[in-house]
Each structure stands twice: as structure tokens, then as C-alpha cells.
Amino acid sequence: MAFYHRLGQIPRKRHTQFRQPDGSLYSEQLVGTLGFHGVSSLLYHKHPPTEIRTVGQPEPFAPKLLKDRPLEPAHLRTLAQTTTGGDYLQARQTMLGNADVTLSICNPTERRMEYYYKNALADEVIFVHEGRGELWSQLGKVKFEPGDYVIIPRTIIHQLHFEEGPVRLLIIESFSPVETCRRYRNHFGQLLEHSPYCERDIRPPHELVEGDERESGEYVVKIKKDGLLHTLTYGHSPFDVVGWDGYFYPYATSIHDFEPITGRLHQPPPVHQHFEGHNFVICSFVPRLFDYHPLSIPAPYNHSNVDSDEVLYYVAGNFMSRKGVDLASFTWHPSGIPHGPHPGTVEASIGKKETHELAVMVDTFRPLYLTEAALPYVDGRYPMSWQPGFVPDPPRSADMMD
């Protein structure tokens with residue numbers, strides 16, 4: 001989110017002498033994207049951020065995309081998978097992906113990361129389905145709770161610290177910068193009056209990380225790049241920042257603060273758009289009033305996916321156009337075939353005044369592919385579930401039922 005923020009101690013002018021209490025210089029570091037043309041922030045470290053002590057052997061860390069599967073819609077039922085591994089990295093299971101974006105589930109059991117992590121190629125959008133905690137980074141702390149999107153721009157070194165209780169995350173990796181919607185911004189970058197959210201809904205880091213420095217020791221930073229996980233050891237904490245300012249930082253914003261756009265007749269999916277990246281968008285479906293024309297049909301109309309794949313991740317409530325879909329499920333409707341509401345749901349929607357659903361949608365403009373890790377979750381009956389008289393398996397959560 002490109003608005004100016006500052007935290008901690010910084011000198012009056014950039015690139016000037018800024019000295020520590022012992023007289024030595026703080027070490028200045030510029031972080032940002034798109035070379036020197038994108039947004040950036042200036043950080044001031046107690047120690048140079050370049051002091052590598054050791055370099056480990058890289059490990060494979062990339063999903064296997066399946067590009068030879070039949071063209072068909074898919075339903076991935078992940079609700080029963082309450083845990084997917086140990087810490088935040090080990091627990092990731094990528095379900096879908098292409099060259100622009102990946103979508104993963106992550107249900108870790110470990111409460112904190114004992115190392116530091118950097119994604120060197122992708123911004124990460126973490127949707128918090130269940131769990132609470134704090135993101136710690138070089139730029140400070142950001143608290144999160146259920147319903148939050150936590151946006152971590154690439155190259156920011158960070159850790160995730162979870163409170164006690166179950167954790168269920170949807171992680172969207174973007175190989176381009178994740179931005180707010182261009183049509184909701186003026187040429188200065190300010191969100192306009194008709195935007196469904198504003199700067200007040202954005203929560204940047206609120207305090208710096210303190211007490212992370214030891215007298216001596218090794219600080220392991222794991223860096224994800226080009227399908228590998230690299231391990232570098234430093235002699236000083238990457239969180240030794242005493243101050244920073246700029247436009248480049250992690251932040252959180254809640255799906256509950258997204259104000260829906262409604263109309264007399266059914267509104268198309270772009271009204272739900274929350275974020276965008278290159279060749280994809282992220283949308284938020286939230287509780288809202290239905291259409292108010294006297295003859296309106298609240299259920300969506302059938303539409304052909306000519307240019308995009310559509311993925312919905314179901315968070316809460318009953319999604320009126322679908323039958324037999326769980327919480328924490330993905331439905332994926334690939335480009336090339338039409339899709340629409342299940343039989344009976346159109347007529348059943350007439351006369352309904354509102355919905356209490358919550359869902360995250362990702363539309364891509366290049367084809368997505370299932371991964372090998374997604375296969376155990378595939379509902380094999382879903383592609384045929386539009387046949388008259390088809391009886392789907394019941395949802396596995398009462399919250400998804402009428």
C-alpha cells in the first residue's frame with residue numbers, strides 16, 4: 001500500500017551521516033522493487049546487512065504443476081486437514097499455480113519460526129482463516145487476527161509468531177508487486193471516495209522489534225528464490241533496525257473492513273476486487289444486501305471463462321450458488337468452459353435479501369494448474385454436479401449449510 005510511513009529514529013536528510021551512541025555510523029539500506037523506479041523504504045541498521053558468515057546448500061522448494069490433466073472444474077476439500085506440517089515454511093502445500101501466482105494452504109503446528117525468512121521473488125498475501133499472532137520484520141511488528149490479509153512485499157526478512165490455538169492460512173504468492181486497485185486510486189495514489197476501503201483500514205508496522213540482538217551468535221536467514229530454499233548465516237540480527245521511512249513495508253487489512261458495492265441487479269465480480277497483481281486479481285466476497293430490483297435474481301448468471309481461471313476459497317457462511325462445498329474448500333473453474341450456479345440455486349435465491357458469506361476469490365488471466373500436493377483433496381464427483389438430480393456430498397461444516 002503506497003502511502004508514506006515512518007517508524008523509529010532517522011536522520012533529517014537521506015544519505016547523510018547518522019551516528020550511533022558510540023560514534024560509529026548506522027548502516028543505511030534501501031529496500032524496494034522495480035529497480036529504482038518502484039516504491040522503496042530506507043532502513044538504518046546497527047550493523048551492515050551484508051555480513052554473511054556461511055552459505056548452505058540450497059534445497060528444492062517448488063510445487064510440481066500438473067499440466068496434462070483433463071479440462072474440468074475442481075473442488076478441493078481441505079477442511080479435514082487441520083495441520084499440514086511444523087513451522088510456517090514446512091506447512092505450506094501449494095494447491096494451484098502458474099507463472100504469475102500460486103495458492104497454498106498452510107496449517108502450522110509450531111508457534112514461531114526459529115530462523116528468518118525472505119521471499120526474494122514473490123510478494124506474499126497471507127489470508128488468516130484461523131489464528132492470531134504477529135508478523136515480525138525488519139520494519140517492525142504487525143498484529144493479525146482471523147479475516148486479515150497480511151501483505152509482505154518481496155525481499156522483506158520476516159518471522160511469523162502465532163498465539164495458541166489452531167492456525168489455518170491461505171497464502172497467495174505473486175511474482176509481481178501486489179497493489180490496491182488502480183481504478184480506486186487518483187494519480188497521487190490516494191484511495192478515492194468510491195473505493196470499498198481506505199487508508200484508515202490499512203495497518204502498517206506499529207513498533208520496531210527490540211531485544212532480538214545477542215552479544216554474539218548466528219542468525220539463519222532462509223531465502224526462497226527460483227524454486228530453491230537457500231540458507232545464509234549472518235553474524236547480526238536482521239531486525240537490528242533503529243528506524244526507517246518510505247512507502248515499502250508489510251501491512252495488514254481486514255476482509256471485514258471491505259465495504260461491498262451493491263446494485264438493483266446482480267453486480268459482476270470486479271465489484272469485489274480488493275487487490276491486483278500482474279495477470280491476476282484478488283477479490284473479497286463479504287456480507288452484503290442482495291439486489292433490490294423487484295424481479296432481480298440474486299444468484300450469479302452462467303458465464304464463460306474465456307480469458308481467466310476463477311478460484312474461490314470459502315471462509316464462512318453459505319455460498320448460495322454452490323451445493324456441498326465445505327469451509328476451507330477451493331473451487332476452481334478453468335478458462336475454456338462455462339460455469340454457473342448449481343441446479344436449483346437460482347430459483348432458491350429469488351426473494352432472498354442478504355448474504356453472510358465470506359470468501360476469497362482469485363481470478364487469473366493465464367491458466368492455472370493443479371499441483372501434485374492437491375491431488376489428495378480433489379472431489380472426483382464435482383465436475384458432474386450440475387446434472388439434474390445430482391446429490392452432492394453434504395458439507396463437512398454446519399456453518400456452510402442453510
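Student: Over the ring of which residue does the charged end of Lys-67 sit?
Tutor: Please keep in mind that this is a predicted model. A charge counts as sitting over a ring if NZ of Lys or CZ of Arg is within 6 Å of the ring centre and within 35 degrees of the ring normal. The charged end of Lys-67 is 5.1 Å from the centre of the ring in question, which belongs to Tyr-369.

Student: How far from the centre of the ring of Trp-136 is the charged end of Arg-112?
Tutor: The limit for such an arrangement is 6 Å from the ring centre. The charged end of Arg-112 sits over the ring of Trp-136, and its distance from the centre is 5.9 Å.

Student: Are the rings of Tyr-116 and Phe-239 stacked or edge-to-face?
Tutor: The structure holds 14 aromatic pairs. In the pair of Tyr-116 and Phe-239, the ring centres are 5.0 Å apart and the planes stand at 85 degrees. Planes over 60 degrees apart count as edge-to-face, so the pair of Tyr-116 and Phe-239 is edge-to-face.

Student: How many residues apart in sequence are the parts that this pair ties together?
Tutor: Tyr-116 lies in strand S9, residues 116-119. Phe-239 lies in the loop between strand S18 (228-234) and strand S19 (241-246). The pair therefore ties together parts whose separation in sequence is 123 residues.

Student: Are Tyr-116 and Phe-239 buried or exposed?
Tutor: A residue counts as buried under 20% relative accessible area. Tyr-116 has a value of 5%, and Phe-239 has a value of 4%. Tyr-116 is therefore buried, and Phe-239 is likewise buried.

Student: What kind of aromatic pair do Tyr-197 and Phe-258 form?
Tutor: Their ring centres are 6.1 Å apart, with 35 degrees between the planes. Planes under 30 degrees apart count as stacked and those over 60 as edge-to-face. The pair of Tyr-197 and Phe-258 is tilted.

Student: How many residues apart in sequence are the parts joined by Tyr-197 and Phe-258?
Tutor: Tyr-197 is found in the loop between strand S16 (179-180) and strand S17 (219-225). Phe-258 is found in the loop between strand S20 (251-254) and strand S21 (273-277). Tyr-197 is buried, at 4% relative accessibility, as is Phe-258 at 3%. The parts that this pair ties together are separated in sequence by 61 residues.

Student: Which residue in S8 stands opposite Thr-94?
Tutor: Strand S7 (residues 92-97) runs antiparallel to S8 and is joined to S8 by 5 bridges. A hairpin through 3 residues connects S7 to S8. Opposite Thr-94 stands Ser-104.

Student: Which residue in S15 stands opposite Leu-103?
Tutor: S8 also pairs with strand S15 (residues 168-174), in the antiparallel sense and over 6 bridges. In S15, the residue opposite Leu-103 is Ile-172.

Student: Which are the edge strands of the open sheet of 7 strands?
Tutor: The order of this sheet is S6-S26-S25-S29-S22-S21-S16, with antiparallel pairing. An edge strand pairs on one side only. The edge strands are S6 and S16.

Student: Which residue in S29 is the bridge partner of Val-311?
Tutor: Strand S25 (residues 309-316) and strand S29 (residues 358-364) run antiparallel and are joined by 7 bridges. The bridge partner of Val-311 in S29 is Val-362.

Student: How far apart are the C-alpha centres of domain 1 and domain 2?
Tutor: The domain assignment gives domain 1 as 51-66 + 81-239 + 250-254 and domain 2 as 259-384. In this arrangement, 39 residues of domain 1 are in contact with 36 residues of domain 2. The distance between the C-alpha centres of domain 1 and domain 2 is 26 Å.

Definitions and conventions:
Residues numbered from 1 in each chain as written. Predicted model: local features only at pLDDT ≥ 70, side-chain atom pairs only at ≥ 80, totals over all residues. Heavy atoms only, no water. Phe/Tyr/Trp six-rings, centres within 6.5 Å; stacked < 30°, edge-to-face > 60°. Helix = DSSP H or I, 4+ residues; strand = E, 2+ residues; numbered from the N terminus. Buried < 20%, exposed > 50% of the residue type's maximum accessible area, 1.4 Å probe, protein only. Pairing = 2+ DSSP bridges. Domains from an automatic or database assignment. Contact = heavy atoms within 4.5 Å.
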